Amino acid sequence: MSRFGLLLAAVSLAASAAAAAGSPSLPAANGRLIAFSTGDSKLYLMRADGSHLTKLASNASAPSWSPGGKRIAFDRTVATTQGIMLLTLRGRRLRALTRHPSSIYDDVPRFAPDGKRIAFMRQPSGGETAIYLIATTGKHLRRLATGSDPAWAPGGGKLVYSAQSKLVVIGANGRGKHALTSGSDPDVMPAWSPDGKRIAFVRKRQGNYDIWLVSADGKHQRRLTSDPGQDLNPSWSPDGRKLLFASQQGGGQFDIYVMNADGSSQKRLTKLTGDEFDPAWQPRS
């Protein structure tokens, strides 16, 4: 895409962001917002109770909040160009962190706890999917490991990701890699709890995806959802008491739900006509 085309895309996205950030009905920070994406690649914000739905961007998915909740990283595809974008809500500043032809696809960006690095998965056409780290300046790109779905430990020294149907933990320096789960059931989409003691993840068993919990040492695995529909994309609340997730339990489409961290009190938050995925709870400032 030309520089002019990128500028037009940035202006369009910034205008949408301005409406969301400037709306008096939407709080600015302190863990009161949820970002999510839809099946037709639109990015939305809403309050944590599901109210005040606001469209933020098009051609966007997989949002991730920065520490403090003032920036959002997401992946974006426009025409034949794809990459990870950074949006600062205050001031509506949009910047491409990675950008390349869509034969290489960058997805699932995740801010490090220090806000200075982002982990993401790269899927090259015809090649293996791998976890990469990059500074939020766009420099110091580094391949970390073969796998997908990265998630940071609260201290930022480790990550958990999915590889060969298992959850794997690795140091941010590339050392100390070890499997956290085992077995033939695929384990994907991990999310580390704010206190560092638990990891929520998705396990496929007998053709059905459900949300599970495992202790950070790999012990005490527990199933949280058991409805016939698919359950995906767990995301922790800032206090670690609740989990967001995308679920088909209301019918054929995916909606965003919230539940207590023990699996109780499951509640539907979105009621759009299409699918909703990738919920991300805004951290407290």
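Four strands form an open sheet in the order β3-β2-β1-β25, with antiparallel pairing; strands here are DSSP runs of E with at least two residues, helices are runs of H or I with at least four, both numbered from the N terminus, and two strands pair if DSSP finds at least two bridges between them. Because β3 (54-58) and β25 (276-281) stand at the edges with a single partner strand each, one side of each is left without a neighbour in the sheet. On average, neighbouring strands of this sheet are turned by 25° against each other, direction ignored, where the axes are lines fitted to C-alpha atoms and angles run from 0 to 180 degrees between N-to-C directions.

This is a predicted model, in which local features need pLDDT of at least 70 and side-chain atom pairs count only at pLDDT 80 or more, while totals for chains, interfaces and linings use all residues. Residues are numbered from 1 along each chain as its sequence is written, and side-chain values use heavy atoms, with hydrogens and water left out.

The average pLDDT of the protein (the predictor's confidence in each residue, from 0 to 100) is 89, and 89% of the residues score at least 70. Over residues 1-27, however, the pLDDT is below 50, and this stretch has 33 contacts in the model beyond near neighbours in sequence, a contact being heavy atoms within 4.5 Å. The protein holds one helix and 25 strands, and 52% of its 285 residues count as buried, that is, under 20% relative accessible area with a 1.4 Å probe and protein chains only, whereas exposed means over 50% and partly exposed lies in between.

| Strand pair | Bridges | Residues standing opposite |
|---|---|---|
| β1 (residues 33-38) and β25 | four bridges | threonine 38 and glutamate 276 |

Strand β21 (residues 231-236) is largely enclosed by the rest of the structure, because six of its six residues are buried. Together β21 and β22 form a hairpin with five residues between them, and glycine 240 in the turn has a positive phi of about 75°.

Serine 66 is found in the loop between β4 (60-65) and β5 (71-78). At 2% relative accessibility, serine 66 counts as buried, and, leaving aside its neighbours within four places in sequence, this residue is in contact with Arg71, Phe111 and Pro283.
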